[in-house]
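Please open the model in a viewer and keep the selection panel at hand.

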Amino acid sequence: MADPRPDIRMDPTWRDALRTEFDSDYMAALRAFLVAEKKGGTTVFPPSADWFRALELTPLPEVRVVILGQDPYHGAGQAHGLCFSVKPGVKPPPSLINIYKELASDCGIVPPAHGFLESWARQGVLLLNSVLTVASGRAASHRERGWERFTDAIVRRVAEKDEPVVFMLWGSYAQKKAGFVKDVAKGGRHLVLKAPHPSPLSAYNGWFGSGHFSKANAFLAEHGRGTIDWALPERVG
């Protein structure tokens, strides 16, 4: 995976920012692993055309909010390269349902029937998983193969931006991954919002009532970066 191949859909700003990562030995090893997985008959999610979907829809200069996930969904037809999001026609998973519940409580937004979050990504919300692929039916199967190092670099590039960005860190995993980002309250330029993961296992420990969506918009507006329309279109696909 030397230079991003022309057939890999990715915004040019990310191609430039991540060129040294694509030239690295660890990415070559990751590519060899993924090729071996496919040759061995393993079905990999999402399809390769969607591995970098978050970087295709949300150019680096336009990033206003970062939401971090862990792994893609490992069920057929779910993952499409954006964390927490599922394709049109797929039932929203439990964590996303809880995200919708908090969004309704925080901003009065009626949840849609789908779980397709692409409109957020097109507004500057980087919906980034830490690991960008997974084997069908085997959760976390592609961890510690190199993706984490690659997505660490993505988070660093965003943190280096001069424009203020909101980091919405849900759960200990996300909070550790972006733990180096300095909050505006501590002399940094970005807003770091932390809450438990919206999973049913932890949502009642502080996710509900966190108010992250309205806090993000208040910060962006205050710093001249507009606001995110968190209301998702009812009709997609």
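**First stop: a helix residue and its contacts**

Select E37, which lies in helix 3 (residues 25-39); helices (H or I, at least four residues) and strands (E, at least two) are DSSP runs, numbered from the N terminus. The model is a predicted one, in which local features need pLDDT of at least 70 and side-chain atom pairs count only at pLDDT 80 or more, while totals for chains, interfaces and linings use all residues. Residues are numbered from 1 along each chain as its sequence is written, and side-chain values use heavy atoms, with hydrogens and water left out.

E37 is buried, with a relative accessible area of 14%; buried means under 20%, exposed over 50%, and partly exposed in between (1.4 Å probe, protein chains only). Next, display T42, V44, A135, R138 and H142, which E37 touches when residues up to four places away in sequence are not counted. Contact here means heavy atoms within 4.5 Å. With H142, the side chain of E37 forms a polar contact of 2.8 Å. Such a contact is a pair of N or O atoms within 3.5 Å; within protein, one must be able to donate a hydrogen and the other to accept it, and residues adjacent in sequence count only if both atoms are side-chain atoms.

Select the open sheet of 4 strands, with order 3-2-5-6 and parallel pairing. Its edge strands, each pairing on one side only, are strand 3 (125-129) and strand 6 (191-195). Two strands pair if DSSP finds at least two bridges between them. Strand 2 (residues 65-69) and strand 5 (residues 166-170) are joined in the parallel sense over 3 bridges, and V66 has F167 in strand 5 as its bridge partner.

Finally, select C83 and C107. C83 is buried, at 1% relative accessible area, whereas C107 is partly exposed, at 31%.
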